[in-house]
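Colleague: I am new to reading models like this one. Could you take a close look at the side chains with me, and tell me how they sit and what they pair with?

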Amino acid sequence: MSETRSSLHGEWSSGMIFVLAATGSAVGLGNLWRFPYLVGENGGAAFVIIYLLCILLVGLPIMIAEITLGRRGKRSPINSLRSVALEEGRSANWALLGWLGVAAGFLILSFYSVVGGWALSYVLQSLLGTFQGITSDSSTHLFETLVASPFSVLGWHTLFMLLLFGIVAMGVRKGLQRAVTILMPLLFVLLILLVGYGMAASGAFQEAMAFMFQPDFSAVEGGTVLTAMGQAFFTLSLGMGAIMVYGAYLPKHESIPHSAGWIVGMDTITAILAGLAIFPIVFAVGLEPGEGAGLVFITLPIVFGEIPFGYLLGLLFFVLLSVAAITSGMSLLEPATSYLTERRRDGSRLKAAAIISSLIWLLGVACGLSLNALSGITVLPGMNIFDSLEYISNDIMLPLGGLLIAIFVGWRMRLSSVVGELGVNENGALFKLWLVVTRFVAPAAVILVFANATGLFELFG
Ligand code: PFF
């Protein structure tokens, strides 16, 4: 049945466009904002090593599984899971896994859009020359004023959501594909320019290399591994159906393992390059790398205010950050939008996108306000709305979604279906390796890390 099904939403015009779009989804605030500060907070290279292991042992195999599932189903994650499960003789309840993904997408995009809005606002600040000669205090003040002002936070969040809505409403070819073919080359050029500057001009490139590649394992705790794994899922956009829905638009004869290899490779390189673009300039002016979420929005403007060509570099950096956030945000909006489009009798993507974007916008308003007007409200103990949503979605829902995807593809689909979709030889060594990792290693890793982080081991110890 899956052989005759075609995507209702259209297809990418080639496998390369799919790789570009999925890389656009993967490369985002997670690489340019989150990864560098997590490295800074978690002891540098030790974190990088654990993170790379998670990418290789868990991320890559699950990426292959998720694309396989998407292309087999050719629908939104909810409907793909339902039809593939039924075709494989399994329960239609597997569709719940699609719902889990759609819910995760809602939660993630609601805070992602707030941060995406900050990136847009910093493009304006760079243009205005605000960073020139800025002191540490005034940079902190600038950021805190932005975050503390409901009006600014919500205004930029609204602009960010409107951009995403505009792109997603236009559909796969005219919207998503057109956006990534323009924005992704721009993103790579900007990143390379910034790394080039860090290497050539800062004088602190060696120090940054040492920070990122010489491990100090004393900074590692149980929670560090969960953070690294959560980050691996987040940065690769795994476990919530974004990659699945992009996979649904992948033309039949394009190779899934090759595409996955490219996406994972490009995402990892971008994260490392982001570190190599950011740390040299941070060290060059004697600032600290462990500034947490403020690294990009507080520390970097100080740097841009001091170094030669800082005006231009600051502008380039924040345009880069905005572009990366937009191409990821699109993929967070697509799973729910594609589902609602499929459900609507008129099949209107425009209306579906409008409804979903408005709902997410509303949740984003709560997130944005939790940093100022509603900061007294806690959801999880000690965490405001923003931090709670980030924790629940990144550290719990994505790994859980990924675990279930690995179990479904590894254990519940017929081997012949998987082999057919992957277009590989059942006896090939690489296929066997992937199967073992997907069936055993990736699920075990996710479960162990969960158990460790939630203190389950202590119950037995
Ligand atoms: N991968 C994106 C990033 O690193 O910023 C974030 C993301 C996008 C997560 C899409 C999940 C997702 F489905």
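**Side chains, close up**

Modeller: Happy to! Let's begin with Ser388, which counts as buried because its relative accessibility is 1%; buried means under 20% relative accessible area, exposed means over 50%, and partly exposed lies in between, with a 1.4 Å probe and protein chains only. Before going on, please keep in mind that this is a predicted model, where local features need pLDDT of at least 70, side-chain atom pairs count only at pLDDT 80 or more, and totals for chains, interfaces and linings use all residues. Residues are numbered from 1 along each chain as its sequence is written, and side-chain values use heavy atoms, with hydrogens and water left out.

Ser388 belongs to helix α16 (residues 385-412). Helices (H or I, at least four residues) and strands (E, at least two) are DSSP runs, numbered from the N terminus. The side chain of Ser388 reaches the backbone oxygen of Asn384 at 2.7 Å, and a polar atom of that side chain also lies 3.3 Å from the backbone oxygen of Met383.

Tyr197 sits in helix α8 (residues 172-201) and is buried, with a relative accessible area of 13%. A polar atom of its side chain is 3.0 Å from the backbone oxygen of Pro308.

Now for the rings. Rings of Phe, Tyr and Trp (its six-membered ring) pair if their centres lie within 6.5 Å; planes under 30 degrees apart count as stacked, over 60 as edge-to-face and the rest as tilted. That rule gives 26 aromatic pairs. Take Phe47 and Tyr51: the ring centres are 6.4 Å apart and the planes meet at 15°, so this pair is stacked. Both residues are in helix α3 (residues 45-73), 4 residues apart, or about one turn of the helix. Here is a handy rule: an α-helix has 3.6 residues a turn, so residues three or four places apart point the same way. Phe47 and Tyr51 are both buried.

Trp118 and Phe143 show another arrangement, with centres 5.1 Å apart and planes at 90°, so the pair is edge-to-face. This pair links distant parts of the chain, since Trp118 lies in helix α5 (residues 95-128) and Phe143 in helix α6 (residues 136-148), 25 residues apart. Trp118 and Phe143 are buried too. Ring pairs also join Trp118 and Phe143 into a cluster with other rings, including Phe111, Tyr122 and Phe131.

To finish, look at helix α17 (residues 415-422), where Ser417, Val418, Val419, Glu421 and Leu422 are buried. Gly423 follows α17, and its phi is positive, near 65°. By contrast, Phe440 in helix α18 counts as partly exposed, because its relative accessibility is 47%.

Methods
A polar contact is a pair of N or O atoms within 3.5 Å; within protein, one must be able to donate a hydrogen and the other to accept it, and residues adjacent in sequence count only if both atoms are side-chain atoms.
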